[in-house]
Amino acid sequence: MKIIIFGQSISSSWGNGHATLWRGLIKALARRGNRVVFLERDAPERAEHRDLWDIPGGELLLYDRWEDVAAAARRHADEADVAMVTSGCADGAAASHLVLGSKAQRTVYYDLDTHITLSRSETGERPAYLPPEGLGGFDTVLSSTGGQALEALKTQLGARFVAPLYAWVDPDLHRPAEPVRRYLGDLCHLGAWVEDRRAALEALFFEPARRLGRRRFILAGGGYPDDASWGANIQRVQHLPPAEHAAFFCSSTLTLNVTREPLKAMGWCPSVRLFEAAASGVPVISDEWEGIGAFFEPGRDILVARETDDVTTAMMLPRGHLATLAQRARSRVLEEHTAERRVRELRSILDIKGGGDD
């Protein structure tokens, strides 16, 4: 099966959570004999921080202007079994028009940023990565968020068939690792700064750090404002390459997962960081959102925090109990949330729409 993907970026993980996802999924697709062509605009900031130059079993097409790649993109799309446009694609509207006018057997739109897509569409500020006429032309629309978001993609953007394809991990990359001295801590969190995570971070990370002044807190991600009130026991890591995620998680006793408010409002919104931490074999404590129990059982696989006391209490739990939680969560990820599992789910979804096998 040949798949062409128009995406944000697979070549650079700098400020881009999509990169790790695509790398794992494409590797899993290649193992099954599929060929993937991935197109991304070669933005200067991505080029400066590029950490992948080619795709095993596939082809990476970097371009400066859409006009430079349109002819090659059309040729690949015409030959494709699946032509997919994704949210965040710098030329999403043009790519959508090309895909919908191509000879591809199946046309797919994959929204990895459904909370942004829907919130902006509600206010009339439709993201540039969407085609102006909406999503009704695609055979299938996928969303990394489930729940009420699936119906909203139909009512707001005209999608005809919608299915969830949740985040996933690459077990070769996210697995138990040796701790690294510079990342050692009692509680860690990995995630770029966004304003709509401020309240949750304040309650579940910064306030526990103030109360537990002798404990060490590790915060990784870009864009955080300088704030002396956070305390001297918070260690900052500006950028964490994907290859170091597992070691980062494994260097702390407990990992905190914090979800963006628009995602929490929709529910059914597991982040890739949640799966990565669990796959790395570390105990995880997450904020609460509707549907979390479908991915991990609270109290058995992971811990759930609603307020500051939940975090400080979790940090006092016996190491043996935390290790048992971590083992259960890792087992569940390896069974249900790997790139290989998502490839099977994707094929099943496309078969439903295509009416047959590939």
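What covers the buried residues of H4? I began my notebook with that. I am working with a predicted model.

**Entry 1: the cover over H4.** I looked up helix H4, residues 92-100. Its buried residues are Gly92, Ala93, Ala95, Ser96, Leu98 and Val99. Their cover includes strand E1 (2-6), H3, strand E4 (82-86) and strand E5 (106-111).

**Entry 2: H3 against H4.** Next I took helix H3, residues 66-79. The axes of H3 and H4 come within 10 Å and cross at roughly 30°. Angles under 35 degrees count as roughly parallel, so I noted H3 and H4 as roughly parallel to each other. The crossing of H3 and H4 is right-handed.

Then I listed who meets whom. From H3 I wrote down Trp66, Ala70, Ala73, Arg74 and Ala77. They meet Ala94, Ala95 and Leu98 in H4. I sorted the residues of this contact: seven are nonpolar, none is polar and one is charged. I also checked the spacing rule. An α-helix has 3.6 residues a turn, so residues three or four places apart point the same way.

**Entry 3: Ser144.** Where does Ser144 lie? I found Ser144 in the loop between strand E6 (140-143) and helix H6 (148-157). Is Ser144 buried or exposed? Its relative accessible area is 12%, so Ser144 is buried.

I then looked at what surrounds Ser144. Leaving out residues up to four places away in sequence, Ser144 touches Tyr110, Asp111, Leu112, Asp113, Thr114, Leu165, Tyr166 and Trp268. For Leu112 I noted a distance too. A polar atom of the Ser144 side chain lies 3.3 Å from the backbone oxygen of Leu112.

Methods: Residues are numbered from 1 along each chain as its sequence is written. This is a predicted model: local features need pLDDT of at least 70, side-chain atom pairs count only at pLDDT 80 or more; totals for chains, interfaces and linings use all residues. Side-chain values use heavy atoms; hydrogens and water are left out. Axes are lines fitted to C-alpha atoms, for helices over the stretch in contact, and angles run from 0 to 180 degrees between N-to-C directions. Helices (H or I, at least four residues) and strands (E, at least two) are DSSP runs, numbered from the N terminus. Angles under 35 degrees count as roughly parallel, over 145 as roughly antiparallel, 65 to 115 as roughly perpendicular and the rest as oblique. A crossing is left-handed if the near helix is turned anticlockwise from the far one by less than a right angle, and right-handed if clockwise. Contact means heavy atoms within 4.5 Å. Ala, Val, Leu, Ile, Met, Phe, Trp, Tyr, Cys and Pro count as nonpolar, Asp, Glu, Lys and Arg as charged, and the others, Gly among them, as polar. Buried means under 20% relative accessible area, exposed over 50%, partly exposed in between (1.4 Å probe, protein chains only). A polar contact is a pair of N or O atoms within 3.5 Å; within protein, one must be able to donate a hydrogen and the other to accept it, and residues adjacent in sequence count only if both atoms are side-chain atoms.
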